[in-house]
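Morning, everyone. Let me put the structure up, and then we'll walk through it piece by piece.

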Amino acid sequence: MLSDVLYSLKETEFLFNLFGYISFRSGLSLVTSFFIVLILMPRWIRLQQSFFPSGQPIRNDGPDTHFYKKGTPTLGGVLILFSIILSSILWSSNFSSFNYILILTLILFGFIGFIDDLKKVKLGKGISSKTKFFYQLLATLIIYLTIKYNGFDLNKFSIPFLKDVSIELGYFYFVIILLIVVGSTNATNLTDGLDGLVSMPLIFVFLTFAIFAYVLGNINFSDYLLVNYIKGSGEIVIFCTSAIGALLGFLWFNSSPASIFMGDTGSQSLGASLAVTSILLKQEIVLAVAGGLFVIETLSVILQVGYFKFTKGKRIFLMAPLHHHYEKKGLSEQKIVIRFWILSFLFCLLALSLLKIR
């Protein structure tokens with residue numbers, strides 16, 4: 001969009017040649033989305049306080065330390081999505097189908113999350129889990145058909161540890177996509193339970209995929225690292241850095257004590273977009289590794305619920321997801337958040353090492 005217009009002026013001024021480089025445009029996209037959130041968020045917070053003074057409802061069975069959070073605005077994800085979409089459109093080149101599929105993902109899952117958040121602030125309770133799953137299934141189907149329509153290969157499941165090795169799945173790959181997208185969506189949502197907790201891990205994972213996208217979209221780097229070259233996938237870097245900038249801007253206001261929450265609008269859509277990013281790059285296993293923190297949080301809920309039903313009332317953890325377990329044990333919110341950030345960073349380093357394991 002804007003980058004293409006500016007790049008077309010390269011014959012008149014050599015500096016405009018910079019807009020042909022993904023590295024330069026990725027920096028612009030990060031800064032653009034960051035300042036959009038930083039400038040507009042205070043007004044967005046005040047607007048929510050005027051229209052939805054009740055704010056975020058707090059669970060009665062949750063940690064006692066959370067009651068002070070009641071009334072905090074919870075639609076921060078709306079502004080996150082707006083800044084990512086605008087920045088991606090401005091700085092993506094040649095109408096990248098990769099990024100517009102990711103933007104579609106943000107819009108579809110953001111809409112589901114927005115309806116859920118709106119019901120929470122108005123009625124104190126969001127949409128049911130069955131209804132939410134149905135909407136997520138429908139959104140995933142739309143994304144699957146869009147990816148197929150744009151000519152992407154959705155038949156083979158790649159193995160990241162081996163060069164040019166993949167499993168032929170045919171139409172069963174849709175089931176894999178459904179599990180990945182819905183799983184990532186809900187895993188990110190479950191992790192979003194403490195001030196600032198989910199923002200930094202999302203930044204780390206988006207940064208990991210930005211590196212993967214840059215390598216896979218560059219024929220020289222992909223050949224050197226023995227990974228499959230995917231033409232045009234480098235443009236995904238712009239989407240990832242737009243998300244990083246928006247999340248950094250959001251963290252400015254979401255750090256403890258939070259002035260605003262991301263809500264399902266943000267957590268569901270960002271989790272889904274990470275899943276679709278991994279699918280477009282054929283790096284689905286990398287998502288499970290880089291998003292290891294999200295996997296652990298989800299497993300803690302699955303284990304807690306399963307054990308509770310099997311033993312008729314006993315629990316493995318004091319409370320699930322896992323971050324609440326440590327709150328119940330007396331750890332401060334800030335200490336839990338920082339430690340989980342460290343774990344997420346280590347998982348992402350491990351994921352990046354897969355670039356060399358062949």
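Start with K312, which sits in the loop between α12 and α13. Helices here are DSSP runs, H or I, of at least four residues, numbered from the N terminus. K312 has a positive phi of about 60° although it is not a glycine. K312 is exposed, because its relative accessible area is 77%. The cut-offs: buried is under 20% relative accessible area, exposed is over 50%, and partly exposed is in between, with a 1.4 Å probe and protein chains only.

Some ground rules. This is a predicted model, so local features need pLDDT of at least 70 and side-chain atom pairs count only at pLDDT 80 or more, while totals for chains, interfaces and linings use all residues. Residues are numbered from 1 along each chain as its sequence is written, and side-chain values use heavy atoms, with hydrogens and water left out.

At 53% relative accessibility, K314 counts as exposed. What does K314 touch, not counting residues up to four places away in sequence? Y307 and F308. Contact means heavy atoms within 4.5 Å. From the C-alpha of K314 to that of I142 is 41 Å, and the two are 172 residues apart along the chain.

P321 is in the loop between α12 and α13 as well. The peptide bond from A320 to P321 is cis, with omega near 0°. Another cis bond joins S256 and P257, with omega about -5°. P257 is in the loop between α9 (236-254) and α10.

One more backbone point. L226 has a positive phi of about 60° and is not a glycine. Its place is the loop between α8 (219-224) and α9. At 38% relative accessibility, L226 counts as partly exposed.

Now the helix pairs. Axes are lines fitted to C-alpha atoms, for helices over the stretch in contact, and angles run from 0 to 180 degrees between N-to-C directions. Take α12 (residues 292-310) and α14 (residues 333-353): their axes come within 8 Å and cross at roughly 120°. That makes α12 oblique to α14. On the scale used, under 35 degrees is roughly parallel, over 145 roughly antiparallel, 65 to 115 roughly perpendicular, and the rest oblique. From α12, G292, L293, I296 and E297 meet F340, S344 and F347 of α14.

G77, V78, I80, L81 and I84 in α3 meet T265, G266, S269 and L270 in α10.

On to the core. The largest nonpolar core has 89 residues, and L202, F206, L270 and L280 have the most contacts inside it. Helix α7 (residues 199-216) gives the most, with twelve residues. A nonpolar core here is a set of buried Ala, Val, Leu, Ile, Met, Phe, Trp, Tyr and Cys residues joined through side-chain atoms within 4.5 Å. Which residues does L280 contact, leaving aside neighbours within four places in sequence? F98, I101, L102, I147, F152, I230 and I236.

Last stop: Q48, in helix α2 (residues 22-51). Buried or exposed? Q48 is buried, with a relative accessible area of 3%. The Q48 side chain reaches the backbone nitrogen of T74 at 3.4 Å. Beyond four places in sequence, Q48 touches P53, P73, T74, L75, G76 and I260.

Note on methods
Helix = DSSP H or I, 4+ residues; strand = E, 2+ residues; numbered from the N terminus. Polar contact = N/O pair within 3.5 Å; in protein donor to acceptor, adjacent residues only side chain to side chain.
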